[in-house]
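Trainee: Could we go through this model together? I would like to start with the strands and then turn to single residues.

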Amino acid sequence: MHELGIVFHIIESLEKVGKDNELEKIQSVTLELGEVSSVIDEYLGDCWRWAADKSELLNGAELKIIKLPAVTFCEGCQQTYPTVQHGRICPYCESEKTYLLKGNEINIKEIEAY
């Protein structure tokens, strides 16, 4: 389960932000999670609750997740398409010369704190 490692990294980043900005408490964290990031939301939430409650800054903080759709670009016809629906082969020209534009990211989008 790599979700725990991801949570540890997020918490480490948030604690640094908290220290740098003299925050007393983080109330919520909003993550952008790519559709093909291979992170399972439920596992991430379980790991978050366990790990965040061990941090004074993050104890009780809510984790909010925004799913970002995966989009692939076709070099053959220069079009984009939904990755999950069509996979690696372009639905417009059937080219295999494609690459993922977005949908694999994990970003901290917003922090609510005081």
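Trainee: How many bridges join strand β3 to β5?

Mentor: Four bridges join β3 (residues 71-74) to β5, and the two run antiparallel; strands here are DSSP runs of E of at least two residues, numbered from the N terminus. This is a predicted model, in which local features need pLDDT of at least 70, side-chain atom pairs count only at pLDDT 80 or more, and totals for chains, interfaces and linings use all residues. Residues are numbered from 1 along each chain as its sequence is written, and side-chain values use heavy atoms, with hydrogens and water left out.

Trainee: Which residue in β5 stands opposite Phe-73?

Mentor: That is Tyr-99.

Trainee: And what is the strand order of the open sheet?

Mentor: The order of its three strands is β4-β3-β5, with antiparallel pairing, where pairing requires at least two DSSP bridges between two strands. The edge strands are β4 (80-82) and β5, each of which pairs on one side only.

Trainee: Changing topic, is Glu-32 buried or exposed?

Mentor: Glu-32, in strand β1 (residues 26-34), is buried, meaning under 20% relative accessible area, whereas exposed means over 50% and partly exposed lies in between (1.4 Å probe, protein chains only).

Trainee: Which side chain of opposite charge is nearest to Glu-32?

Mentor: Lys-109 is, at 4.0 Å, yet Glu-32 has no salt bridge, a term that requires a side-chain nitrogen of Lys or Arg within 4 Å of a carboxyl oxygen of Asp or Glu; by charge, Lys and Arg count as positive and Asp and Glu as negative, while His and the chain ends are not counted.
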